[in-house]
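Here are my notes on the model you sent over. Have a look at the structure first, then go through the points in order.

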Amino acid sequence: MPAMNIISVNGLSKAFQEKKLFEKITFGVDRGEKIALIGVNGTGKSTLLKILAGKEIPDEGNVVMDRSITVSFLPQTPQFAPEDTVIEHVFSGATPAVAAIKAYEAAVAALEHTNDEAAHEALAHAIEEVERYGAWDHEHRIKAILDELGITDLSLKMGTLSGGMAKKVAIAEALIADADVLMLDEPTNHLDVDTILWLEDYLVNLSKTIIMVSHDRYFLDAIANGIIELWRGGIYRYNGNYSYYLEKKGELEQSIMREDERVASVLRRELDWLKRGPRARTTKQKAHIDRAHKIMEHEFYEADATVDIALAASRQGGKIVDCINLSKSYNGRTIVKKFSHKFRKRERVGIVGGNGSGKTTLLNLISGRLAPDSGESDIGLNTRFGYFDQTNRALNDDMRILQFIRESGEYVTLTDGEKVGVSEMLTRFLFPSSQHYSRIAELSGGEKRRLNLLAVLMSSPNFLIFDEPTNDLDIKTLSILEDFLQTFDGNLIVVSHDRYFMDRVVDELFIFDVEGDIIRYNGSYTEYLAESRQQRADERRELHAKERKSAKVAEKERERKGLTFNEQREMKQLEEKIAKLEKEKVEIEAAFAAPDITREALAEKTTRHTVVEKAIAKETAKWEKLAERA
């Protein structure tokens with residue numbers, strides 16, 4: 001069946017303040033396509049997604065969508081009413097079928113707290129509604145989604161949830177809506193890696209249209225079958241996954257540069273001709289002039305401005321950090337238990353664990369930001385931490401950009417020994433001089449992350465601690481940051497669910513296990529995940545084998561001792577069936593004696609009497625066979 005265009009974008013333009021994000025862009029999306037919108041921070045990826053979802057209005061152009069199409073939108077930051085329960089949020093604005101399931105889930109939950117007649121009536125009515133919409137299969141799918149996301153208590157208030165759990169609830173809401181088109185803005189932000197892997201598998205196998213913005217390159221590579229890059233105010237489209245895009249983008253840039261070289265060569269020849277200044281102006285000569293002017297209007301390729309992170313680390317001493325039996329508990333629960341490690345120079349460690357396992361707590365204990373309950377973090381005299389947290393806590397929206405960076409230092413030393421001031425470093429981090437006195441509140445989420453990163457690096461740290469550094473940074477900036485960290489002459493600890501980032505910058509892992517112990521693993525994040533998945537699969541197979549063996553043993557034991565549960569149930573059913581047949585036999589025999597019975601009725605009753613007697617004999621034989629073993 002040929003693809004069908006269900007979304008048409010025509011001449012779309014949008015500017016933010018004086019900055020043009022994109023201008024007169026046109027493209028279409030076919031049914032079943034899985035499109036990734038990519039581009040550096042500030043090119044308008046999230047804005048375009050909001051326009052497609054009808055959440056924002058363009059300056060020019062329009063979006064035409066098939067009227068039968070429904071859209072589910074996941075914002076980058078979940079929006080919710082703090083007093084709403086999880087069930088109210090997850091099922092908000094859904095279809096009638098999903099609304100019926102919501103009522104059913106609420107009725108089931110209510111019965112756990114009260115057993116009155118009204119609660120039972122509510123459940124009965126909810127079951128009728130689910131059956132009316134034929135939504136039981138959908139209910140099972142919804143339950144599976146909630147279970148996979150770890151959403152078990154639907155009565156919790158949204159305002160009490162952690163950032164990671166709130167994101168999971170928002171994802172559940174987007175998936176449960178069962179819309180034709182899913183629009184997802186940074187769906188992997190704040191998720192643990194197990195949830196990312198589950199979501200990746202779910203979307204790969206989902207036969208829906210997907211349009212998403214994400215910086216997770218493995219995620220994009222697995223899901224997307226089309227890439228739309230916002231570049232220089234326009235768009236470039238690639239019909240493949242992220243790896244295909246990288247290959248073709250390189251070819252495109254090479255092609256543009258070759259064309260520029262050809263145009264430059266022709267332009268030089270035309271200019272040389274013009275400089276000779278021929279006196280006669282024939283038609284042929286005028287054509288030369290026109291051609292030269294037209295070539296001079298050619299827009300030559302300029303490489304995109306990129307962040308320049310050529311910063312030197314301050315000198316380290318003999319001692320970096322010695323962690324000795326660090327322990328920390330909250331509300332009686334041990335988060336970190338007797339962690340000991342002596343950090344060597346240029347050690348690069350990734351920290352892995354589920355949401356709430358204690359990763360950030362460990363970072364704060366190592367860096368001295370948090371006092372341990374017991375143990376010690378002995379920090380070397382020359383060790384200077386640079387802490388890049390996941391929430392931009394250091395940013396004050398009312399401050400000016402230049403003022404904020406100056407608080408971290410007046411200048412910084414580059415890897416070549418050159419000292420560079422604040423203004424130039426801002427420019428190197430893609431903040432033009434016209435922006436230096438702007439308020440931080442005017443920056444996009446990605447620009448705020450970039451500014452915070454610069455503030456951390458301006459203090460010339462020699463021990464970098466990154467807590468979810470990839471949130472809101474564009475892919476190009478991430479690549480440059482990864483290149484910098486690979487050559488950084490200091491120590492590095494990273495907490496991140498971004499597998500690509502971790503694979504590139506760390507050499508070993510500290511892994512939180514279910515008991516709160518921290519285990520060292522020498523290898524990449526991808527290798528660890530592959531081994532973990534294989535181990536879990538082996539454990540499941542072993543468990544299933546044991547369960548099957550136990551079931552067979554139990555079945556044999558039951559056969560030796562008496563009836564199985566199913567046989568006991570069958571025996572009871574036979575008793576009920578025989579009793580019903582006996583009753584019918586008595587009623588037929590009473591009809592035989594009726595004085596007004598007609599010949600036709602007598603024949604019919606006689607035939608039925610024979611059938612009933614045979615049925616009684618057959619079912620009684622079955623019952624007697626079971627009764628012998630009972």
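1. Buried, in what follows, means under 20% relative accessible area, exposed means over 50%, and partly exposed is in between (1.4 Å probe, protein chains only). By that count N189 is buried, with a relative accessible area of 2%. N189 sits in the loop between β6 (181-185) and α7 (193-204); helices (H or I, at least four residues) and strands (E, at least two) are DSSP runs, numbered from the N terminus. Beyond its neighbours within four places in sequence, N189 is in contact with Q76, K167, H215, N471 and D472, where contact means heavy atoms within 4.5 Å.

2. Some ground rules. This is a predicted model, so local features need pLDDT of at least 70 and side-chain atom pairs count only at pLDDT 80 or more, while totals for chains, interfaces and linings use all residues. Residues are numbered from 1 along each chain as its sequence is written, and side-chain values use heavy atoms, with hydrogens and water left out.

3. The overall picture: the protein has 630 residues, of which 44% count as buried, and its secondary structure comes to 19 helices and 20 strands. Of the contacts between residues at least 6 apart in sequence, 68% join residues at least 24 apart. The accessible surface is about 33500 Å², with 50% of that belonging to carbon and sulfur atoms; the areas come from the Shrake-Rupley method with a 1.4 Å probe, and for residues only the protein chains shown count as cover.

4. S72 is worth a click. This serine is found in strand β5 (residues 71-74) and is buried, at a relative accessible area of 6%. Its side chain reaches the backbone oxygen of A174 at 2.8 Å. That is a polar contact: a pair of N or O atoms within 3.5 Å, where within protein one must be able to donate a hydrogen and the other to accept it, and residues adjacent in sequence count only if both atoms are side-chain atoms. Not counting residues up to four places away in sequence, S72 touches E173, A174, A177, A179, V181, L182 and M183.

5. How many aromatic pairs does a search of the whole structure find? The search turns up 13. Rings of Phe, Tyr and Trp (its six-membered ring) pair if their centres lie within 6.5 Å; planes under 30 degrees apart count as stacked, over 60 as edge-to-face and the rest as tilted. F388 and F466 make an edge-to-face pair, 5.4 Å centre to centre with 65° between the planes. F388 lies in strand β14 (residues 385-388) and F466 in strand β17 (residues 463-467), so the pair ties together parts that are 78 residues apart in sequence. F388 counts as buried at 0% relative accessibility, and F466 is buried with a relative accessible area of 0%.

6. F484 and F488 form a tilted pair, at 5.6 Å centre to centre and 55° between the planes, and both are buried. Ring pairs also link F339, F343, F385, F463 and F510 into a cluster.

7. Now helix α15 (residues 475-487). At 1.5 Å a residue, its 13 residues should span 18 Å, and its end C-alpha atoms are 19 Å apart, which agrees; the expected span is 1.5 Å times one less than the number of residues. Buried residues in α15 include I475, L478, L481 and F484. At the start of α15, a side-chain oxygen of D474 comes within 3.1 Å of the backbone nitrogen of K476.
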